[in-house]
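Here's a quick briefing to read alongside the model. Have the viewer open as you go.

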Amino acid sequence: MAFELMELPYAKNALEPYISKRTIDFHYGKHHKKYVDRVNKLIKGTPQESQSLEEIMYSTYKKNDKIYNNAAQIWNHTFYWNCLTPNGRAISNSVKNVIEKHFMSLQKFMALFTEQALELFGTGWTWLVIDKKGEIKIRAIEDAGNPLLEREVPLLTCDVWEHAYYLDYQNDRERYIENFWQIVNWEFVEENFGKTMEYPFRRTQSHEQGRPSPKRKEVRLF
Ligand SMILES: [Fe+2]
């Protein structure tokens with residue numbers, strides 16, 4: 001069964017003026033779609049053909065870069081689209097409290113996350129994760145990196161590949177990240193605290209694809 005491109009959880013123009021429909025057309029409609037098409041082509045006739053997306057990532061990491069990179073990019077983009085929303089609610093007190101506990105204040109966290117996103121040289125992703133010790137950390141990972149490979153739970157990500165912002169912001173990554181904060185889906189971040197390190201990935205078109213159900217270790221807010 002082939003992987004399918006997820007459906008966006010909002011209209012393509014819904015993130016304007018922060019991310020334009022034109023960027024979504026290319027980023028989601030061309031780049032993300034191409035990763036899906038490539039994986040389907042690359043895994044045909046291989047042991048990965050019957051595997052979930054996470055299984056493909058684990059089984060090809062550092063063994064088959066071509067398959068790993070494309071598979072991880074499907075996962076990362078699905079997660080990224082879910083991290084954004086046009087109807088964002090204010091961050092809940094429970095998430096805010098955890099962030100304040102680890103980073104002093106929400107402003108300090110946002111500044112540190114932004115700094116790491118700006119310092120990431122070249123292409124990659126900036127993540128907020130729960131690490132193996134249960135600590136909340138910011139991690140900038142190059143290219144198609146993914147915290148799951150380090151057995152970390154992703155809570156939030158920002159795509160800092162140029163294709164994510166160049167049409168709207170050209171070389172101004174800083175302004176893209178400033179505006180990223182305007183459309184963060186804090187409810188999704190909160191949901192991620194209850195997720196696990198083993199993400200059973202369903203092969204559906206739905207945006208539910210990026211919302212795995214709890215299976216193993218539950219990480220609580222408190
Ligand atoms: Fe991207």
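Predicted model: local features only at pLDDT ≥ 70, side-chain atom pairs only at ≥ 80, totals over all residues.

Residues are numbered from 1 along each chain as its sequence is written.

**Core**
- The largest nonpolar core has 44 residues (buried Ala, Val, Leu, Ile, Met, Phe, Trp, Tyr and Cys joined through C-beta atoms within 7 Å; buried is 20 or more other C-beta atoms within 10 Å, exposed 12 or fewer, partly exposed in between, with C-beta atoms placed from the backbone).
- Helix 3 gives this core its largest share, nine residues (helices are DSSP runs of H or I, at least four residues, numbered from the N terminus).
- Val-39, Met-57, Ala-71 and Ile-74 have the most contacts inside the core.
- Beyond its neighbours within four places in sequence, Ala-71 is in contact with Val-39, Leu-53, Ile-56, Met-57 and Thr-60 (backbone-placed C-beta atoms within 7 Å).

**Helix 1 against helix 3**
- Their axes come within 9 Å and cross at roughly 140° (lines fitted to C-alpha atoms over the stretch in contact, with angles from 0 to 180 degrees between N-to-C directions).
- Among the residues making this contact are Val-39 of helix 1 and Ala-71 and Ile-74 of helix 3.

**Gln-182**
- Look for Gln-182 in the loop between helix 7 and helix 8.
- Gln-182 is partly exposed, because 13 other C-beta atoms lie within 10 Å.
- Its C-alpha atom is 9.0 Å from that of Thr-85, 97 residues apart along the chain.

Key: Helix = DSSP H or I, 4+ residues; strand = E, 2+ residues; numbered from the N terminus. Contact = placed C-beta atoms within 7 Å.
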